[in-house]
2 protein chains.
Amino acid sequence: MLTSQAVIFSKHGDPSEVLKNHSYEIDDSNVESDSIIVKTLGAPINPSDINQVQGVYPSQPEKTTILGTEEPSAVGGNEGLFEVLKVGSNVKNFKVGDWCIPSQVNFGTWRTHALCKEEDMTPLPNPEQSKANGKPNGLTINQGATISINPLTAYLMLNHYVKLQPGKDWFIQNGGNSAVGKYAIQIAKIQGYNSLSVVRNRDNLDQLVKELKDLGATQVITDEDNNLKEFGATVKSWVKDTSGEIKLALNCVGGKSSAAVARKLNPNGLMLTYGGMSKQPVTLPTSLHIFKNITSAGFWVTALTKNDFNLKRSTLDKVVQWYEEGLLKDAPSVESKFTGEKQLNQLFIDGIENSKNGKQLITFH
Amino acid sequence: MLTSQAVIFSKHGDPSEVLKNHSYEIDDSNVESDSIIVKTLGAPINPSDINQVQGVYPSQPEKTTILGTEEPSAVGGNEGLFEVLKVGSNVKNFKVGDWCIPSQVNFGTWRTHALCKEEDMTPLPNPEQSKANGKPNGLTINQGATISINPLTAYLMLNHYVKLQPGKDWFIQNGGNSAVGKYAIQIAKIQGYNSLSVVRNRDNLDQLVKELKDLGATQVITDEDNNLKEFGATVKSWVKDTSGEIKLALNCVGGKSSAAVARKLNPNGLMLTYGGMSKQPVTLPTSLHIFKNITSAGFWVTALTKNDFNLKRSTLDKVVQWYEEGLLKDAPSVESKFTGEKQLNQLFIDGIENSKNGKQLITFH
């Protein structure tokens, strides 16, 4: 028997109160033919994971007693990287030592081990496999554990809605310094799209601009520039220089910032909203809708990929390849290793508390 | 020779200052083979006509000296009903006595007569023709002169974007008492769609609700109801009763009202903005975009029909048929007849001034 520990919740509320430890046994001597046993290598703490626990997120894992809990419970977490420990006799896509991530959200990744069906997981190459394939780099645990949400969000927003012409067309985004923003800058660079990123002004602005340009940013401007009507002419001259158009805006801020990025779109442009950091609603001048035919839509990677696994899989393949080739840098996480010294639920509760200082990754290797 | 009088402008500004009279001769003894001469029966004053003269509207007629003006000038007005006086030898679609309207905007309808190419006009049945076709009603001058913008806007918003299921699905609109709003209520009724119209509260609310219900409104609510979170349950129960969804929202107000109508949309719903009476931008809570996949787009009949004349023509045919069958009521206009007593430009300047009291129609019959 193999003992798994999981961080579960049976009711919603403050994570420090509702997240509990649960130990349960997995019979690893008798794995069903279509099942696999995996051990967790790393699992991050995303804002949406926290909101799920709090009960303020529309996508929720089902609460069951399948793990032997007294009350129906769910395991926290949606992203994570796993290594295959055992495979059932009929399993086709996995062998021991393979790496994998959950095929869908709501798997419950905040645990040391899991017993699941083969189809619940989708493979990623482990570093030996990447090396054997002649790739310069293997995936890191952070890259594998955080691949499903931010890189996929950036790639799909840039490619699934509007056809940008490489070398010519642009996208504009606010929150240029966010994790998704940095992936969008890099992916645009790889694909040949021009990027215009809006960031908040700060003391070390030059340093941030340099960092984003090193990632491949075409232009970086401040919120003040973005809000200034006169600055529109500068943006137009940049776009004219590439004989392209700003066809796409990515908005994770809302309020005045969303109006200002939408204003920079060429006629018939699309703004995709994937976040609302300002807590202000998306705001769009009426004339942009009517006379410039600007459309404002939402983006949620969970909903988009839920019923289109092929889209998720083909996007994962692209991102993996870029990581292996060293074209894409991941957003670093603050890593805390589960050693047993601290209870697993406490490790995640502390991680949630520390999330304001940067994305937290709990590792198990 | 036939003398035409036109209301022209050579520069933009206050209509009372820039609208001038211009008389010019049309040689009606020698009409080119592909041309027709028409006389105006009626021409309305739309808000967009006024904005064109002021120079604050994105669609503008070209200013030329083709009518013999000293300075390059344009004739005001975009909608109007005309009667054919003369046809060139090769004209196929018109004979003397036919009624017609401009095929496109920016024709310049504020004049007594016009010489134009056959293709500049598209036919409407005159009352004798409707009668000969066995129709219970012929078009009135107001119906013909105001058919291109408001009824087409209402029909195309209801039918060109989202497929509403008759007997089941709903649309919601603010500005339910506007001209477009009343057309939308009636057209929805004819097509079997349920309508939920938001109107401003007022002393004689019961009378307005009765008027809209007599036009075919399914439900009429006030802005206060619309903004009240608790009222959402009532709306849901109405929609449940028809086993349908609110798939479409029509917004001509903006601000808080646009957020409140968008909130009532079912997941994947579309809000079309065609006006901004509150002068506030369109406002949409971020969560509606991300978690309900609500899309917000603009509607401008001019842009939509500019490159798709067949769409305009087939829509005109439907509206004409509903007028002829007595299924559709037009929005009444305040009519002023051009008798020569008052100069033509003064008649339009006074009409613009009186537009705050209701839509003005200048007649010439």
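Colleague: What makes A:Glu79 and A:Lys359 a salt bridge?

Modeller: The N to O distance between their side chains is 3.8 Å. A salt bridge needs a side-chain nitrogen of Lys or Arg within 4 Å of a carboxyl oxygen of Asp or Glu, so the pair A:Glu79 and A:Lys359 qualifies. The pair joins distant parts of the chain, 280 residues apart. A:Glu79 lies in the loop between strand 4 (74-75) and strand 5 (81-87) of chain A. A:Lys359 lies in the loop between helix 14 (344-354) and strand 17 (360-363) of chain A. Helices (H or I, at least four residues) and strands (E, at least two) are DSSP runs, numbered from the N terminus.

Colleague: What do these values rest on?

Modeller: This is a predicted model: local features need pLDDT of at least 70, side-chain atom pairs count only at pLDDT 80 or more, and totals for chains, interfaces and linings use all residues. Residues are numbered from 1 along each chain as its sequence is written, chains are lettered from A and ligands numbered from 1 in the order in which they are written, and side-chain values use heavy atoms, with hydrogens and water left out.

Colleague: Why is A:Glu79 called buried?

Modeller: Its relative accessible area is 1%. Buried means under 20%, exposed over 50%, partly exposed in between (1.4 Å probe, protein chains only). A:Glu79 is therefore buried. A:Lys359, at 23%, counts as partly exposed.

Colleague: What makes B:Lys247 and B:Asp169 a salt bridge?

Modeller: Their N to O distance is 2.7 Å. That value is within the cut-off, so the term applies. B:Lys247 sits in strand 12 (residues 246-251) of chain B. B:Asp169 sits in the loop between helix 5 (150-159) and strand 9 (170-173) of chain B, and 78 residues separate the two. B:Asp169 has 2% relative accessibility, so it is buried.

Colleague: Which salt bridge does A:Glu353 form, and are its partners buried or exposed?

Modeller: A:Glu353 pairs with A:Lys356, with the closest N and O atoms 3.2 Å apart. Both residues are exposed. Over all chains, the whole structure holds 20 salt bridges.

Colleague: What makes the phi of B:Asn268 worth a remark?

Modeller: Most residues other than glycine have a negative phi. B:Asn268 is not a glycine, yet its phi is positive, near 70°. B:Asn268 is in the loop between helix 10 (255-263) and strand 13 (270-273) of chain B.

Colleague: How do you know that B:Asn268 is exposed?

Modeller: Its relative accessible area is 56%. That is over 50%, so B:Asn268 is exposed.
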